[in-house]
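Visitor: Could you walk me through this protein model, one question at a time?

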Amino acid sequence: MGRRQFGSVRRLPSGRWQASYWHLGIRHIAEITQMTKADANAFLAAAETQIRRGSWVDPWAARMLFADWAEEWRTSIVDLRPSTKARDLGYLERYVLPRFGKLELGQIDHMAVRAWVAELSGSGLSPATTTKAAQILGKLMKAAVQAGLLIKSPCDGIRLPRIERTEMRFLDATEVRALAAAIDPRYKATVLLAAYGGLRAGELFGLRAKRVDPLRRTITVAETLVDVGGHPYFGPPKTRAGHRTVPLPRVAAEPLAEHLVTYGRKPDDLVFTAPEGGPVQLNVWRRRFWAPAVRAAGLAHLRPHDLRHTAVALWIAAGANPKEAATRAGHTSVSFTLDRYGHLFPGSEQRLNDALDLLADEASDEAVDVDDEPPDGPSGPENELRARQNPVSIAHVARTPESDTVSDANPQLSDLGKEGGRCGTRTHDLSRVKAAL
């Protein structure tokens, strides 16, 4: 008995062939008819293969309107912070739905997405805004693939505009003092906490009195405040590294302690509140208190987040190493700190240049040694004398019993050759060269 055929084909009055098959108790009829019976059977074979591999997608599912799918996706969001969710939905409403809302999912192909990205870029939107809008569309299309509505996301392989990193702004200690003096006294401590403690705005206005330790001069960042559409939301820091204890210098710790006494905060009270009480709305605070203080201090176009950049710059200027700066700032990795602020760590370029100059001088000395090599070869007495006079260059030539008699006048330099590979010919470790200097 032969294998039972999957699906069936029939010839229409027009002479074309139509394929159909049953799957999960539903009969699926091909939307497109075929010119020949062989083509119709090939369609059935492809559908059967997809079912067997688990990659089959209901062709009717792709006819769902994008706007309907966006609403279904919106109601299924469970893993985003309120502020992140509000931001993503804002991009969806402003940029994605106007273009794709009335289209079926299956009608949105790669070229349609590519043309849309080019249109956004050409409309004057910043690269960051264009990229974020495209990422939101990508999220919805990926979810459609996972839900079995599409075989592949049309956003795959879309090239997005390059986002150029903006130059960070740092204040010096004098400018920080001027800004703290210019702002309303009830928010003086916020300026100093941000500029010397590196707190974000949400961490400042989510800080409670019980997390301030005046004796140890530390604060614990365990809660943040975000404003979503005028409604305050309290939650944990965005990352595990954001949950941290920050040591404070006296310049920030003492005004903070005075603030707690002046305004009589109880342990569960917010340290900084709106003038009328309750949580601070950042947009209102920025317009009502921040902007006037910035103008009064002569610091035009300064953002609250620039004080966080200032804090990292001041830590580095005071001698903090990358690990200390990353820990205080709540960065997830030291590499991020180095990537953003590595150029601020003083002296590293000059130390490297000095070490490179030393190696170049050694190479020059070796060239002179080779030209002047005596007839009796590298193991002769003249070579031993030259080794005593130039203990660094000998590290770069093959070692011989005679070369082990390098002068002990500078033992650090004489040991450099011992760190190399076989015969001591490997290039010096720069840290040891620096230490020898």
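Visitor: What share of the 437 residues in the protein chain is buried?
Guide: This is a predicted model, where local features need pLDDT of at least 70 and side-chain atom pairs count only at pLDDT 80 or more, while totals for chains, interfaces and linings use all residues. Residues are numbered from 1 along each chain as its sequence is written, and side-chain values use heavy atoms, with hydrogens and water left out. Buried means under 20% relative accessible area, exposed over 50%, and partly exposed in between, with a 1.4 Å probe and protein chains only. For this chain of 437 residues, the buried share is 40%.

Visitor: Is Ala181 buried or exposed?
Guide: Ala181 sits in helix H6; helices (H or I, at least four residues) and strands (E, at least two) are DSSP runs, numbered from the N terminus. Its C-alpha atom is 8.4 Å from that of Ala293, 112 residues apart along the chain. Because its relative accessibility is 65%, Ala181 counts as exposed.

Visitor: Which strand does E5 pair with over four bridges?
Guide: Strands pair if DSSP finds at least two bridges between them. An open sheet of three strands runs in the order E4-E5-E8, with antiparallel pairing, and its edge strands, E4 (212–213) and E8 (244–247), each pair on one side only. Thr220 stands opposite Thr245 in E8. With four antiparallel bridges, the partner of E5 (residues 218–221) is E8.

Visitor: Which residue in the turn between E1 and E2 has a positive phi?
Guide: E1 (residues 8–11) and E2 (residues 17–23) run antiparallel, joined by four bridges. Val9 has Ala19 as its bridge partner in E2. The two strands form a hairpin with five residues between them, and the turn residue with a phi of about 95° is Gly15.

Visitor: How much space lies in the largest cavity?
Guide: On a 1 Å grid over the protein atoms alone, a cavity is a set of points where a 1.4 Å probe fits but cannot get out, and a pocket is an open set with protein on both sides within 12 Å along at least five of seven lines; lining residues have an atom within 4 Å of a point. Grid points are joined across faces, edges and corners, and a volume is the space filled by probe spheres set on the points. The structure has one cavity of 30 Å³ or more, with Leu199, Thr220 and Glu223 among its lining residues. Its space is about 30 Å³.

Visitor: What is the volume of the largest pocket?
Guide: Of the 47 residues that line this pocket, those closest to its centre include Arg87, Lys238 and His305. The lining divides into 21 nonpolar, 14 polar and 12 charged residues; Ala, Val, Leu, Ile, Met, Phe, Trp, Tyr, Cys and Pro count as nonpolar, Asp, Glu, Lys and Arg as charged, and the others, Gly among them, as polar. The volume is about 1,800 Å³.
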